[in-house]
Amino acid sequence: TDNNSGHGTHVAGTVGGTGERSGGKFEGVAPGVDLIGYGSGATLFVLDALGGFDYVLTNQFKYNIRVINNSWGSSGSFDPNDPVNIATYECYKNGITVVFSAGNSGPGEMTITPYAAPWVITAAAGNRYGGLTDFSSRGLKDDQYSFELEGKTWVYENRPTITGPGEDIISTRALGPVPLLGDDTTLEPQYIPFYTKMSGTSMSSPHVAGICALL
């Protein structure tokens, strides 16, 4: 699917790119980590998200899958019985860390992804000055409630779990037939064939996933 956007290549490079084409300058958070990509969409549409989680659960021990990054989603209300939330819960029970981008529907309240389950790490997007970006989705202060799942009480909090770098992130460029619509105006010319710049919680989520991989 990366032939249509380059989004996944940019995300993967943030997790574990080696930075080889930049002399290490633009390496990812966990350089050289083993990556498995699951094609589940077509440009802006995610068509087979559940298939991706099913693949992970089926092949967890074959490939020693420890962390799942999800740089996709929309805004909406959390429902513990949503199929995606059930899938991430099964991954949690199997000892896999699941990271989700919070969404790019900010700055209003109640804009966070519906997949911000208590067993998931949800990443908002911050800037290089330590602040939250305007576009980053966010929840609603003090909005929380308890629910039961398989005999355990969970507390849902309407907010991101953590904020990671998500503005003007330089990472790997896909070499596909359709060019990625990134911002290359500030990149040095020798890097443009291999790297591009993007912003979004899609960029903050792989930062957090890479840190989880290091841990």
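**Entry 1: Thr-88**

I started with Thr-88, which sits in helix α3. I'm working from a predicted model here. Is Thr-88 buried or exposed? I get 0% relative accessibility, and the cut-off for buried is under 20%, so Thr-88 counts as buried. Next I listed what Thr-88 touches, skipping residues up to four places away in sequence: Phe-53, Val-98, Phe-100, Trp-119 and Val-120.

**Entry 2: Trp-119**

Trp-119 was on that list, so I turned the search around. Leaving out neighbours within four places in sequence, I find Trp-119 in contact with Phe-78, Asn-85, Thr-88, Tyr-89, Tyr-92, Phe-147, Leu-149 and Trp-154.

**Entry 3: the cores**

Which members of the largest nonpolar core touch the most other members? I noted Phe-53, Ile-68, Phe-100, Trp-119 and Phe-147, out of 23 residues in that core. I then checked which elements supply two or more residues to this core, and got α2 (49–63), α3 (83–93), β4 (97–101), β6 (144–149) and β7 (152–157). The biggest giver is α3, with four residues. I also found another core lying apart from this one; it has five residues, including Val-99, Ala-123, Val-208 and Cys-212.

**Entry 4: α1 against α4**

Then I looked at a helix pair. I have α1 at residues 7–16 and α4 at residues 201–214, packed at an angle of about 35° with their axes 8 Å apart. I logged their crossing as right-handed. From α1, the residues that take part are His-7, His-10, Val-11, Thr-14 and Val-15. On the α4 side they meet Ser-202, Met-203, Pro-206, His-207 and Gly-210. How do the residues of this contact divide by type? I count four nonpolar, six polar and no charged.

**Entry 5: the whole chain**

Last, I zoomed out. I get four helices and 10 strands for the protein chain. Along the sequence I read the order as α-β-β-α-β-α-β-β-β-β-β-β-β-α. The C-alpha trace spans about 55 × 40 × 30 Å along its principal axes. I wanted to know what radius of gyration a compact globule with 215 residues would have. The rule puts that near 17 Å, and the chain has 17 Å, so the two agree. Of the 215 residues, 41% count as buried. I also went through the contacts with a separation of 6 or more, and 67% of them come from residues 24 or more positions apart.

Definitions and conventions: Residues numbered from 1 in each chain as written. Predicted model: local features only at pLDDT ≥ 70, side-chain atom pairs only at ≥ 80, totals over all residues. Heavy atoms only, no water. Core = buried A, V, L, I, M, F, W, Y, C linked by side-chain atoms within 4.5 Å. Buried < 20%, exposed > 50% of the residue type's maximum accessible area, 1.4 Å probe, protein only. Contact = heavy atoms within 4.5 Å. Axes fitted to C-alpha atoms, helices over the stretch in contact; angles between N-to-C directions. Left-handed = near helix turned anticlockwise from the far one by under 90°. Nonpolar A, V, L, I, M, F, W, Y, C, P; charged D, E, K, R; others polar. Rg over C-alpha atoms; globule rule 2.2 N^0.38 Å.
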